[in-house]
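This report goes through one structure, starting with its metal sites. The sequence and model come first.

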Amino acid sequence: MASALEQLFLPAECLLCHALLPSADPDRIVCAVCRARWRAVRPPWCERCGQPEPHFGPCRLCASWPDTLGRVRSAVWLDAAARPAVHALKYGALPRIADDLAAGMHALRPATDGTSAAVLVPIPLAPKRLRERGYNQSAMLAAALARRWHMSVAGDLLIRVRETPTQTALTPETRLANVAGAFGLRIDDCGLRIGSQPIKSAIRHPQFPLILVDDVFTTGATLAEAARVLEQAGAARICGVTFARAVIPDFQ
Ligand SMILES: [Zn+2]
Ligand SMILES: [Zn+2]
């Protein structure tokens, strides 16, 4: 409904550069030229957290992550080309752009074979922010990815139990302290099943990995804290995907 209304009132032009969009792809609101300007995050990177490889020694960014949190990848760098798209999703009341961002995340699809079923878990917003914004941008992203990747979304599994102050400090350690205790789980009463199993027992098996979904990766502290809570509930395998990755100044 919201999408149909948006389509009625928005001209068919690129949200970012205002070039006319080909009518062939009504789900897109970012043109191919703007999408091509998004700068992909590329290897060499830390195999675990996807951060460009440190010059010396082991990666500091993912050293304190919970053991079950494996591979985390981001599609593009959060730079002048990608920032307006993230901003539109988050503050521009344009949840439709999630489809464009999900298209840009195409290459991040974790490999699953015929016997496994991955479940997407969006990072939740605090209730107050959710009321203000009207939607959770990570949930929109997860829903768009679920359509592309033919996966299900566990939208009510993680809940935000504590508001976190805006993260301005940039060291990984400060960020971790900032999000500690931010998440809870509704694993007993969310009613989710994976195949024939309640999610509570399914996630104990590695063939049902959980894929955390967020719009932006900064130091990974938010994903790590969410993974810690899921690990405590017995999750065997967790990975993560984000659309963008912030450039951390002077971080090696
Ligand atoms: Zn454009
Ligand atoms: Zn790392």
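Four donors count as tetrahedral if all angles lie between 85 and 135 degrees; four count as square planar and six as octahedral if opposite donors are over 155 degrees apart and all others between 65 and 115; anything else is irregular. Donors are N, O and S atoms within 2.8 Å of the metal (3.2 Å for Na, K and Ca), and water is not among the atoms, so sites may look incomplete.

## Basis of the report

This is a predicted model, in which local features need pLDDT of at least 70 and side-chain atom pairs count only at pLDDT 80 or more, while totals for chains, interfaces and linings use all residues. Residues are numbered from 1 along each chain as its sequence is written, chains are lettered from A and ligands numbered from 1 in the order in which they are written, and side-chain values use heavy atoms, with hydrogens and water left out.

## Zinc ion, ligand 2

The zinc ion (ligand 2) is held at 2.3 Å by the SG atoms of C46, C49, C59 and C62. The arrangement is tetrahedral because the 4 donor atoms subtend angles of 102 to 116 degrees. For reference, the ideal angle for four tetrahedral donors is 109.5 degrees. Along the chain, the donors of the zinc ion (ligand 2) are spaced C-x2-C-x9-C-x2-C. C46 and C62 both lie in the loop between α2 (32-37) and β1 (69-77), so the pair ties together parts that are 16 residues apart in sequence. Helices (H or I, at least four residues) and strands (E, at least two) are DSSP runs, numbered from the N terminus.

Both C46 and C62 are buried. Buried means under 20% relative accessible area, exposed over 50%, and partly exposed in between (1.4 Å probe, protein chains only). The loop between α2 and β1 also contains P44, and the peptide bond from P43 to P44 is cis, with omega near 10 degrees.

## Zinc ion, ligand 1

For the zinc ion (ligand 1), the coordinating atoms are the SG atoms of C14, C17, C31 and C34, at 2.3 Å. Its 4 donor atoms make angles of 105 to 115 degrees, and the site is tetrahedral. The spacing of these donors is C-x2-C-x13-C-x2-C. C14, in the loop between α1 (2-9) and α2, and C34, in helix α2, are 20 residues apart and link distant parts of the chain.

Both C14 and C34 are buried. H18 is also in the loop between α1 and α2; its phi is near 70 degrees, a positive value in a residue other than glycine.

## Overall fold

The protein has 9 helices and 9 strands. Of its 252 residues, 50% count as buried. Among contacts between residues at least 6 apart in sequence, 73% join residues at least 24 apart; contact means heavy atoms within 4.5 Å.

## Second largest pocket

The volume of the second largest pocket is about 390 Å³. A pocket, on a 1 Å grid over the protein atoms alone, is an open set of points where a 1.4 Å probe fits, with protein on both sides within 12 Å along at least five of seven lines; lining residues have an atom within 4 Å of a point. Grid points are joined across faces, edges and corners, and a volume is the space filled by probe spheres set on the points.

The lining comprises 25 residues, with R73, M105, A107, L108 and R109 nearest the centre. β1 gives the largest share, 5 residues, and β1 and β9 (238-245) each supply at least two. By type, the lining residues divide into 17 nonpolar, 4 polar and 4 charged. Here Ala, Val, Leu, Ile, Met, Phe, Trp, Tyr, Cys and Pro count as nonpolar, Asp, Glu, Lys and Arg as charged, and the others, Gly among them, as polar.

## Individual residues

R71 is in strand β1 and is partly exposed, at 48% relative accessible area. Leaving out residues up to four places away in sequence, R71 touches E47, R48, C239 and G240.

A154, in the loop between β3 (152-153) and β4 (158-160), is buried at 1% relative accessible area. Beyond four places in sequence, A154 is in contact with V119, L120, V121, P122, L192 and I199. E225, in helix α9 (residues 221-232), is buried at 4%. H150, in the loop between α6 (137-149) and β3, is exposed at 70% relative accessibility.
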